[in-house]
Each structure stands twice: as C-alpha cells, then as structure tokens.
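Biologist: I have the sequence and the model open. Can we go through the packing and the salt bridges?

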Amino acid sequence: MNAFESLVSLNLIPQIGSLRLEALLRHFGKPENIFKATRNDLVAASTEQIGQGIASFDFRRLENDLALAKKLGVNIITLLDQDYPRLLKEIPGAPLVLYVLGKIILEDNLSLGIVGSRRASLYGLINAEKFASGLSAQGVTIVSGMARGVDTYAHRGALKAQGRTIAVMGSGFNHIYPAENAGLAQKIALSGAVISEFPMDTEPLAQNFPRRNRLISGLSLGVLITEAAKNSGALITADFALEQGRDVFVLPGRIDSLGSMGTNALIKQGAKLVTCCEDILEELNLGMIKVRKP
C-alpha cells in the first residue's frame, strides 16, 4: 500500500480528518506506516474508536471506491499532492482527499464563493447570475455548492461568461445532488471542476452540507451572500469564511423581506455591503484584471 492508497483509505474511516492525520503522521512518519501499525500503537496515537477503525479496515472498501471513481471519470487528489488547492490547504481541518470531476488549475486561486438561499426570490437569483457572470468575465473563478436556487444561478452565470466555476458537493459522485443538476455538473466539469471530499458512494445526508460549506469558503478569497433568510445555510458559509480569514460580501435586501433578514443582519455585523462587481474587485485589491479569452 502506498501513500495515496493509505490517504484514500483513511478518508473512508469516519472521524479522521487532517488534524487526526497530523497526529498520526507525527507518530508513524508516513501514511502507509499507519496501516502497518498494531492496534495498540494506533490506539495510543489516537483514540480507541479510531485505532479500532484503522486496524479493522476492510480494504475492499478502498477497491470499490477507486473502481467507482475510475468508472465515473473522477480524479482523486490528496492533501500531500502538489496540485491540491493552495487556499484550501490553508484552512483548519482541510480534507484529506478531494474527488474531482474536471480540473482544478492554478488560476483557480483567484476565486470567489457565491451562495444564498435555495428558495431565493427573483432578486437573489438574478443578482447571483449577474455577479457571477461579471466577475467571471474578469478572470475570477466562481465557487458555489450546486444547490437549487442561488448556487445554480451562480454556476450558470459563470458558464454564460465562458469562465471557470467550481461546484462543491455534499455527497459522493455516485449520488449527484440535487439530481436535476446532473447535467449542470457535466457542464461545470468541462470548464472548471465539480469536487467532493466525500467517498464516491456517500449519500447527500443533511450533516454533510455544513462540511461542504467550509470548502466553498476555503477555496475562495471571499464569499458573496446574495440573499439569505435568518436561518439560511448560507450564513454557515459566512461563519466559516470569517473563521478562515476570508472576506464576506453581502447584497442589501428589502427590510420587509424575510428572505433578506440574514443578509441584512450580516451587514449590521460588519460584512461588506456591495452593489457591483467593482466593489468586490477593489476590496480584494484585484482591480480590473485581465479578461479571459473565450
């Protein structure tokens, strides 16, 4: 077993993330040494549950995961690979493994997350597409979660401008979610990437999406919230962005709109109110960067 196979296997074991990996590597040196260790040594270097999980790992799970990735054309990169996204590697708890359909390139370090409500108004949807298209035309990669509503319109805006966009999923590639965006995922992969930290056969469980949100902000220089209600999941992305030292940008909404209560509250708390793409470019000290050629 090599380092790549070891890291993919560790990613298949619940509760092992980059922080646990760091502790294990300090003790065992190389990823492949972890699976050579005795159960007692593993428990001593981690916890009873994790040690038992590694010692009893069924390597058929690794074989199935790799076979399914190959079948669906999904590339797998690990935290130790040179082409692992630089911005994402900086965040606490960076994922051990990324499953990638399409390609992540160096220019994707210049990126902005755009998120918002799944049940957004026409105002939120139109502006998500407008900002995504305008920023994409200036060479900014648009990152979002491929959910219904704002996310979908953000990806479409980037595609309309013939720019790059990255979709972060809260499920494995064998369970594209939402199902109606399977076609959109294929289009995104042609001019960007669809990624997930979850093994190939992971279903879109509710607890996966907050983890997904931290990757959206982690891949981005900042995050734009176009519309969000008081308890919207988009606010979780804003919280992660602040924890990761990213900028949070917000479109102001009507004061009598329930769908804008979350975004207006963020403005009160100090998020940066924006009304045009130039506001974001200037705040990130990007100015008007070179337009990508189609």
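Biologist: Is R211 buried, partly exposed or exposed?

Modeller: R211 counts as partly exposed, at 39% relative accessibility. Buried means under 20% relative accessible area, exposed over 50%, and partly exposed in between, with a 1.4 Å probe and protein chains only. This is a predicted model, so local features need pLDDT of at least 70 and side-chain atom pairs count only at pLDDT 80 or more, while totals for chains, interfaces and linings use all residues. Residues are numbered from 1 along each chain as its sequence is written, and side-chain values use heavy atoms, with hydrogens and water left out.

Biologist: Which side chain does R211 meet in a salt bridge?

Modeller: That of E197, at 3.0 Å from N to O. A salt bridge here is a side-chain nitrogen of Lys or Arg within 4 Å of a carboxyl oxygen of Asp or Glu. E197 lies in the loop between β6 (192-196) and α11 (208-218), and R211 is in helix α11, so the pair ties together parts 14 residues apart in sequence. Helices (H or I, at least four residues) and strands (E, at least two) are DSSP runs, numbered from the N terminus.

Biologist: And E197, buried or exposed?

Modeller: E197 is buried, at 3% relative accessibility.

Biologist: How many salt bridges does the count come to?

Modeller: It comes to 11. One of them joins R148 and E180, with the closest N and O atoms 2.5 Å apart. R148 sits in the loop between β4 (141-144) and α9 (150-160), E180 in the loop between β5 (165-168) and α10 (182-190), and the two are 32 residues apart.

Biologist: Which residues are linked with R86 in a network of salt bridges?

Modeller: E90 and R246. The closest N and O atoms of R86 and E90 are 3.2 Å apart.

Biologist: Switching to the core. Which residues have the most contacts inside the largest one?

Modeller: L10, I54, I195 and I225, in a nonpolar core of 65 residues. Such a core is a set of buried Ala, Val, Leu, Ile, Met, Phe, Trp, Tyr and Cys residues joined through side-chain atoms within 4.5 Å. Strand β2 (residues 97-102) gives the most to this core, with 5 residues.

Biologist: What does I225 touch?

Modeller: Leaving out residues up to four places away in sequence, its partners include V115, F249, T263 and L266. Contact means heavy atoms within 4.5 Å.

Biologist: Which residues of α13 are buried?

Modeller: In helix α13 (residues 261-268) they are G262, T263, N264 and L266. Their cover includes β7 (222-225), α12 (234-243) and β8 (247-250).
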